[in-house]
Amino acid sequence: MGIKFIEIELKGAFVIEPERFDDERGFFARTWSQEEFAACGLNPKVVQCNSSFNKQRGTLRGMHYQIPPHEEAKLVRCTGGAIYDVIIDLRPDSPTWGEWVGVELTSRNRLMVYIPEGFAHGFQTLEDETEVFYQVSAYYHQESARGVRWDDPAFGINWPLAVTAISQRDREHPLLSISIGNQ
């Protein structure tokens, strides 16, 4: 048995595909293994799990991150419905700094995204009644919580749908040039 780690364009970020074992009952798949994550050089620490339920298609949450020393690695999976999951590399010394990648995660494809520390994360729901499950490596620390705007022209993220719901906080995150100065 093994989990498939597929490195994507942003160094250290992965799409993760559980290896399925099908039979007449359905299937079995391991979605997380501390040993396998560590063997791939990924942070295997999990201290908190979170769930996000979203009523309406087009809901946008993001782009969130935490500053040091409370940075988080995240493992994100869509357990109901579908999302367009987006990550932005905000690591100052990274060759992919400022670049973003979007991945469609659904309850049907069962893919996950591993997001290393130093990345902003957000998603848009592609279906009504969508639920997202996160495993995180650090506890939420309100004073370290930050965000950049979902529509910041510095990133040029191509969201698949018009935004139907977004929090006031996410709508008011600063543009990149402002947020980097506040770290």
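Hi everyone, a definition to begin with: buried means under 20% relative accessible area, exposed means over 50%, and partly exposed is in between, with a 1.4 Å probe and protein chains only. By that scale Glu 129 is exposed, at 52% relative accessibility.

Now a word on what we are looking at. This is a predicted model, where local features need pLDDT of at least 70, side-chain atom pairs count only at pLDDT 80 or more, and totals for chains, interfaces and linings use all residues. Residues are numbered from 1 along each chain as its sequence is written, and side-chain values use heavy atoms, with hydrogens and water left out.

Let's take the overall fold. The protein has 3 helices and 13 strands; these are DSSP runs numbered from the N terminus, with helices being H or I of at least four residues and strands E of at least two. Its radius of gyration is 16 Å, close to the 16 Å that the globule rule gives for 183 residues, so the protein is as compact as a globular protein of that length. That radius is taken over C-alpha atoms, and the rule is 2.2 Å times the number of residues to the power 0.38. Of the 183 residues, 46% count as buried.

On to the aromatics. Phe 5, Phe 14, Trp 32, Phe 37 and Tyr 114 form one aromatic cluster. Rings of Phe, Tyr and Trp (its six-membered ring) pair if their centres lie within 6.5 Å; planes under 30 degrees apart are stacked, over 60 edge-to-face, and the rest tilted. Phe 5 and Phe 14 make an edge-to-face pair, 6.3 Å centre to centre with 90° between the planes. The rings of Trp 32 and Phe 37 have centres 6.2 Å apart and planes at 35°, so that pair is tilted. Phe 37 is buried at 1% relative accessibility, while Trp 32 is partly exposed at 28%.

Finally, some backbone geometry. Most residues other than glycine have a negative phi, and most peptide bonds are trans.
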